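Let's take a friendly walk through a two-chain model. Have a look at it first, and then we will go through its sheets and the contact between its chains.

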Amino acid sequence: MLWLRVPEKVYFKKGSMPVALEELKTVYNKKKAFIVTSASAYKSGKTAYTEKLLDEMKIQHTVFFDICCTASLEKVQAGAGAAQLFEPDVIIAVGGSGVMDAAKLIRVLYEHPEADIRELASRFSDIRSRAELFPATNKKASLVTIPTSSGTGEEVTPYACVADGDSLLRLADYELMPEFVVVDSDNMIAQSREQIGSAAMKALVHIMTAYDSESATEYTDGFAMKALENIIGYLPGFYENGSTDPQGCEKLAEASAMAGIAYANTCSADKCCKTAALTLADEMLKSSEADDSVYARYLSLARAVGLSGSDDKETVNKLITKINELTAMCSK
Amino acid sequence: MANTEKEVEVQTNEGLVHDLDSFNEMMARVKEAQKIFSTYTQEQVDKIFKAAAIAANQARIPLAKMAVEETGMGVAEDKVIKNHYASEYIYNKYKDMKTCGTIEYDSAFGLRKVAEPIGLIGAVIPTTNPTSTAIFKTLICLKTRNGIIISPHPRAKKSTIAAAKIVLDAAVKAGAPEGIIGWIDVPSLELTNELMRNSDTILATGGPGMVKAAYSSGKPALGVGAGNTPVIIDSTADIRVAVNSIIHSKTFDNGMICASEQSVTVMSDIYDEVKKEFAYRGCYFLNEEELEKVRKTIIINGALNAKIVGQKAHTIAALAGVEVPESTKILIGEVESVDISEEFAHEKLSPVLAMYKAETFDEALAKAAQLVADGGYGHTSSLYIHPAQAEKIQKHYEAMKTCRILINTPSSHGGIGDLYNFALNPSLTLGCGSWGGNSVSENVGVKHLLNIKQVAERRENMLWFRAPEKVYFKKGCMPVALDELGTVMGKKKAFIVTDSFLYKNGYVKPIEDKLDSMGIQHTCFYNVQPDPTLASALEGADAMRLFEPDVIIALGGGSAMDAGKIMWVLYEHPEADFMDMAMRFMDIRKRIYTFPTMGEKAYFVAIPTSSGTGSEVTPFAVITDEKTSIKYPLADYQLLPNMAIIDADNMMNQPKGLTSASGIDALTHALEAYASIMATEYTDGLALQAMKSIFEYLPSAYENGANDPIAREKMATASTMAGMAFANAFLGVCHSMAHKLGAFHHIPHGIANALLITEVMRFNAEPVPAKMGTFSQYPYPHTLERYCECAHFLGICGKDDNETLELFIAKIEELKERCGVKKTIADYGVKEEDFLATLDEMVENAFDDQCTGANPRYPLFEEIKAMFLKAYYGK
């Protein structure tokens, strides 16, 4: 049996955040919001607009911003402790993948103080082999994710990563998935070139991992394909022009979320890293040469994203070359 | 007097403005100055505003003395307060307000507000508050980069002009253009009218006559009028606070403030006590004889006697021939009538007060309401009461037709704002709303002297991707998926909805077995008709109410799933009205009707047995009221199933006709969703994948049925993907028209779509449509390109877009033919005369169909008709 699971509501478009967040009041009648963000995002005022919107809706709120990069288990526990004191009915993650992952786990610990993340990580790192049930979430608080980088896709995934000393704990279960996602490229327009590049590489890895996965379905192929098309079409411009290219930013934002949906439904847990991006084209070349079915899949992907050569081989090569170009550009 | 003139010397403005020529000359100068001023920055303006406010404030005492000297009215010490207020409070209120250029920018919504000056403000200044009003009006004009010309009252011209001059000099010294403030030195009716005719906006303060003249001038006017403030002292009021507040306010500048109290209505149980306090605090109660004398003095021939305005109580009493102590604060007349024929019921602009007795609070309200009607419409009223008396306070504010309602507040000081309440804007020009014949109902301020441009950038609507929480697929997945009902969700009672064919042929059996094995109690409703009726949905919902399921499982084609959704609504919300739910909307997020929240009683599982409708993943359901034959198409994400199980095992034995009709239906879903003005990249990928599978596998599924399980499964997935695409991107006019062919001529839905789709594609592909669809994210007619994207994805490529489209259409025609779809509507046995007889109605209904809204080309009636005809005749 296979499945397609996406958050209950995925809202997108530049400028959509104020419209989407209105639902917290009008549809859900939320009273208390617990915002999770990174220290740098908080200090630079990235949550200010969200806070203003919550104020206008008279939703009480507090901000937990002691997160940076990949959150540590201690920080997640601290966040959950703060949430237990505040008793929010909605948790809002504003940030990149570290923040969103932390928010997912803060919710688990807020709703299940007795839960042990290490233990959950050992039992629930593969979404496809679940012998028992992950503690049910969304009982006390719904989870809203608002990505600020155009690449993580974590806003739509059931995965979370957390640092435990020197090791990394990986969790995967649909109980970790947010219910409400707001992909508003206004939140991503201020990324530096480096951030754009590293985010795009992450999205590319998500796309190709999902597309190459044994669990790839026609549903996920559709998302992966469209995500790749957006990246090929708009990444060079956005990478070059940054905030003066709002359209490129929006296309990358959608690509990232679509890649996230594809990835969320094909893989066992978030295993991606930047090094994977750098070897992506090589890997593609190798596997397409070794396996005819992979070759055929690449051919149809290449066509789907509008690449064509004088013959099939050249078409596939164009795809691989394109990906190589993009990853090379981003890793500069 | 001499001392005053030494400090504030009246100067002429290059010769006195006394006639039309000199007026026009002066006006030209002000206009010229304003042109320059309009280019000033916020910093420049704020500097000028500050300097002018400081200068006016510094001159507050000489100006106050001068006004009293000149007009012979009021109290100099009180006028000092007014001048002080007009400079300091106005400055404080507006010092940080943005009045130049961009004052607001909302980047999320793309809306910029830009403040521009109005131009020339014509200011009429009354004799009652000459200097303070002049200071107020000139300051707010400086803050807004407007030019201002003052028309002073003839009896107060010297002091008015002196105040204006002080503000002008300070402003110019701080950088304002020379001549930005002008005035009429020798005021006359002619020049005042000329000013009104030539102003861009009139800022009129004065009596009803002046205000009426301003509004009649044909220029926009901010005018205010007379007040007749009635006070009620409730039994619960703090009497000492009430009485002394009233005295404080009523004696302020000898009662010349238009918001000042004119009458007091006291509840009978505290009347004596209130009277005692007034007397103790220096007010004089007139006896009957004295009352009559004062009546004749304050109002003469129905009009206020100008001689009493702003005079002391003792002076007025003397005029009336009544002997009162020199120190008397207020003359109080105890009267009964609130009719205008009672002199004391009028506005008196002096320390003369009417006092009424009321037995009940309602009687007091009625009196106050009449007094407002007597000459204070829209102005101010006041109430003294214990603050906890919320009910009475509400009754009072609901009954008063006044724009300021002051609670436990001296009304002279209270009405002008920022003294006894710090949210009421400070102003010396108090709007009286439509009741007072005014265009504003609040205290006039800086915002009324600006034109605000709104620069609206194009933005695209927020869009969304929504799918059922759980979509499970793969041949044989049903029992695995159903397992969650027991293990994860702990469901107890399942209600199965299906049709009798599926029930009799054992399709429900595997579900029942699975439920039994999990100990979930179940029942089955299998009376769903092909076009589900309201009657059968009601029947099902009744059965649900008896059974009380916590999960509903709809098994079947579109009809069973739609019927299941409707039963679900009726079960959860028996009060729901179909008319309301079926109301057409332009934007699903802005619809007037709020759909009730679903899922509170039961979880909804949809299991399709045909591959076409996509209903398992859509927020749509259609139900027919069998009594009226009206179809109710419902659309709301509340109708989205919670779980969809797409198991090709349930679809293996679809008859050929169903395979082909539903297969083409799914293709139409994908094509229309792709061409929709609401299509997104999320839906595009799904639509393209669905199309590809349909072209590849529908022929074999049609021809080989269960013998090609792969084709069956591919079609199952394609149908669901197409469903997800149109669940979020919606459909188009092909579906609108197909719905009507079904309703009027009973052509199966999939076939109806098949007969129309290529016609519609040609129609939509037109690069020069009569009208394009309206949606922010749909920039220009580009449907031809969109169809070509589909074609390219399917490997179809012509030498140009038009050829690609034709090749694509040919491929669709070929697919239809292979699947046994006939060519025309006529081929399906619809008689020509029947078709033509219903054509106009079908056209109108198709136009009004909910699906039409998302079509990339906005279809005209004639165009729909032409498509129907072509599809009928095949040419």
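## A parallel sheet in chain B

S6(B) and S7(B) run parallel and are joined by 3 bridges. Within this pair, B:Leu203 stands opposite B:Leu222 in S7(B). Strands such as these are DSSP runs of E with at least two residues, helices are runs of H or I with at least four, and both are numbered from the N terminus. Two strands pair if DSSP finds at least two bridges between them. In general, the strands of a sheet pair through backbone hydrogen bonds, either parallel or antiparallel.

The model is predicted: local features need pLDDT of at least 70 and side-chain atom pairs count only at pLDDT 80 or more, while totals for chains, interfaces and linings use all residues. Residues are numbered from 1 along each chain as its sequence is written, and chains are lettered from A and ligands numbered from 1 in the order in which they are written.

The open sheet has 5 strands in the order S5-S4-S3-S6-S7 (chain B), with parallel pairing. S5 (181-183) and S7 (221-223) of chain B stand at the edges with a single partner strand each, so one side of each has no neighbour in the sheet.

## Helices around the sheet

H2(B) packs on the sheet and touches S3, S4 and S5 of chain B, its direction making about 150° with that of S4(B). H6 (residues 130-143) of chain B also packs on the sheet, touching S3, S4, S5 and S6 of chain B, at about 165° to S4(B). For such angles, axes are lines fitted to C-alpha atoms, for helices over the stretch in contact, and angles run from 0 to 180 degrees between N-to-C directions.

Which residues of H8(B) are buried? They are B:Leu191, B:Thr192, B:Glu194, B:Leu195 and B:Met196; buried means that 20 or more other C-beta atoms, placed from the backbone, lie within 10 Å of the residue's own. Their packing partners include H2 (20-37) and H9 (208-216) of chain B.

## Where the chains meet

The contact takes 32 residues from chain A and 34 residues from chain B, where contact means C-beta atoms, placed from the backbone, within 7 Å. On the chain A side, H8(A) gives the largest share, 8 residues.

S2(A) pairs with S18 (residues 463-465) of chain B in the antiparallel sense over 3 bridges, and A:Val10 stands opposite B:Phe465. Another open sheet, of 7 strands with mixed pairing, has the order S1(A)-S19(B)-S26(B)-S23(B)-S22(B)-S20(B)-S21(B).

How values were computed:
Two residues are in contact if their C-beta atoms, placed from the backbone, lie within 7 Å. A residue is buried if 20 or more other C-beta atoms lie within 10 Å of its own, exposed if 12 or fewer, and partly exposed in between; C-beta atoms are placed from the backbone.
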